[in-house]
Amino acid sequence: MSFVRAGPPSVHALGLAGTGALLLLAAAALPVDTPLLALFACPFRAATSLPCFGCGLTHAFQFAIRGQLASAVSSSPLGALLAGAAAVHALWTALRLAGLPYAPRIAPPGASWRWACALAVVANWIYLLLRNAP
Amino acid sequence: MAASAFGARRESRPGNSRLPRRGRHRAHGTEAALAPGCLPPDVLEGAVLARCPSCHNTFSTEQSGRQTCPVCGKPLLVPEPNVAPPPPAAELVREGAGTPWERRAELGFWTGWGQTLQQALLEPGRLFAEARLDRGAAQLGFAVFTTSVFWAVGQILERMLLHGQTERMRQLIAAVAQNPDIAPMLKRMLQVQTDASTPEAVISLAALTPVFAFVLLYLNAGVTHAVAALLRQAKRGFPATFAACAYSCAPLVLLAVPACGWIVGTIWLVILTGIGMKVTHRISTAGAAASVLVPYLLICCLGFLAMGTLAVTLRNTLQP
């Protein structure tokens with residue numbers, strides 16, 4: 001990854017950083033394993049007893065923000081990756097607000113990137129299926 | 001019969017008006033000059049080099065079209081010389097003048113908001129075509145304002161209008177909770193539900209709706225843009241997706257309607273997001289629909305797949 005000189009972050013960079021930071025803070029502060037939040041079961045899992053694509057994301061964020069990376073990856077590898085990306089983006093945006101004049105150069109995703117992302121989602125779901133298998 | 005023009009246009013030397021209509025062969029030592037049946041070497045000043053398809057000799061000519069080969073005398077057709085293709089022209093993109101909300105400085109706050117809401121609900125194509133991609137902050141403001149205000153109003157109205165039903169549900173849960181087997185969980189649910197129904201809790205939740213609206217908007221835009229990028233439909237970047245998602249929040253005014261408003265509003269939002277993606281990214285209807293609906297379709301397909309698997313497993317288990 002290369003970096004380019006850049007000015008202050010854009011509105012959307014700020015918005016995405018704020019969203020990521022809020023999600024991480026919520027995961028750190030909210031008791032997701034106690035009622036009432038624990039009562040929000042995944043409807044897909046409730047209907048099929050199989051995890052959906054997004055199952056484990058909340059716990060992955062919760063473990064990641066507390067530094068328990070192994071547990072975060074165990075809950076959802078993709079969730080742990082997203083939590084890390086959210087934290088890095090929020091931190092980098094804060095640094096840019098503070099005057100850091102560099103931003104990562106982001107090229108439009110090529111075919112290999114698109115396939116890699118699709119495979120990552122599928123691989124994450126297969127992992128969740130196998131992990132929850134009896 | 002066509003001759004193949006294989007040379008680039010050569011520079012003509014001025015003052016050589018004696019060049020005949022018929023082409024003449026290339027200079028001494030060239031492939032054409034060494035070929036059998038060639039004319040004597042001479043100074044060649046044709047503009048285009050051509051090869052006769054009959055005798056395969058090369059000659060030079062200043063004109064294209066029908067003519068005869070200077071070597072074998074057979075008729076041939078010299079095509080137009082290859083001209084370098086023009087560089088790809090940049091796409092002419094007409095940037096919109098701005099939605100009424102983006103022009104609220106001149107129209108006024110409420111006029112801008114009302115006209116934007118009206119266009120989003122009744123003329124979404126026109127609204128999305130007018131949206132400017134450099135006005136992300138204004139679009140964010142419209143979505144957060146519209147969603148949070150009507151969401152908060154809906155929560156308060158729901159508490160007031162559906163209070164009796166909620167109270168009956170609470171009494172039912174309290175009655176069931178007397179059972180010692182299921183008491184701990186239901187008592188906890190009852191306590192949480194009672195706490196969440198207090199006026200303080202309702203007002204607190206209503207005050208937090210801008211934060212919820214902000215997070216949900218960016219999550220929706222992020223997921224939609226990720227799917228669109230995977231499907232190669234994100235032609236104009238994240239700002240275009242964000243504009244589509246932000247103005248698609250207009251139907252969430254229905255959140256103020258208790259009980260059923262959120263259902264209608266959410267379905268309307270999904271449809272408007274598809275229209276918005278089509279217009280802001282300038283993609284096909286199918287591409288826009290796929291970008292918006294693929295996450296839902298994947299979940300539904302997985303659901304059917306899982307149901308089928310469970311049904312087969314159950315049938316195999318029950319068979320003697």
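Which residues does B:Leu217 touch, not counting residues up to four places away in sequence? They are B:Ala143, B:Val144, B:Cys245, B:Ala246 and B:Cys249. Two residues are in contact if their C-beta atoms, placed from the backbone, lie within 7 Å.

This is a predicted model, in which local features need pLDDT of at least 70 and side-chain atom pairs count only at pLDDT 80 or more, while totals for chains, interfaces and linings use all residues. Residues are numbered from 1 along each chain as its sequence is written, and chains are lettered from A and ligands numbered from 1 in the order in which they are written.

Chain A can be described first. Its secondary structure comes to six helices and two strands; helices (H or I, at least four residues) and strands (E, at least two) are DSSP runs, numbered from the N terminus. From the N terminus on, the order is β-α-α-α-α-α-β-α. Where pLDDT is low, the predicted coordinates should not be read in detail.

Of the 134 residues of chain A, 26% count as buried. A residue is buried if 20 or more other C-beta atoms lie within 10 Å of its own, exposed if 12 or fewer, and partly exposed in between. Of the contacts in chain A with a separation of 6 or more, 61% are between residues 24 or more positions apart.

Next come the nonpolar cores. A nonpolar core is a set of buried Ala, Val, Leu, Ile, Met, Phe, Trp, Tyr and Cys residues joined through C-beta atoms within 7 Å. The largest has 57 residues, and those touching the most other members include A:Ala60, B:Leu217 and B:Tyr247. A second, separate core has eight residues, among them B:Leu49 and B:Phe59.

B:Leu217 also takes part in a helix pair. The axes of helix H5 (residues 136-161) of chain B and H8(B) come within 8 Å and cross at roughly 145°. Axes are lines fitted to C-alpha atoms, for helices over the stretch in contact, and angles run from 0 to 180 degrees between N-to-C directions. The residues making the contact include B:Ala143 and B:Trp151 of H5(B) and B:Phe214 and B:Leu217 of H8(B).

In chain B, helix H9 (residues 237-247) and helix H10 (residues 261-281) pack at an angle of about 145°, with axes 8 Å apart. Among the residues of this contact are B:Ala244 and B:Tyr247 of H9(B) and B:Gly276 and B:Met277 of H10(B).

Some loop residues remain. B:Arg232, in the loop between helix H8 (199-230) and H9 of chain B, has a positive phi of about 60° although it is not a glycine. B:Arg232 counts as partly exposed because it has 14 C-beta neighbours inside 10 Å. B:Arg282, in the loop between H10 and helix H11 (285-318) of chain B, is not a glycine either, and its phi is positive, about 55°. B:Leu162 lies in the loop between H5 and helix H6 (163-176) of chain B. B:Leu162 and B:Ala259 are 97 residues apart in sequence, yet 8.6 Å apart in space, C-alpha to C-alpha.
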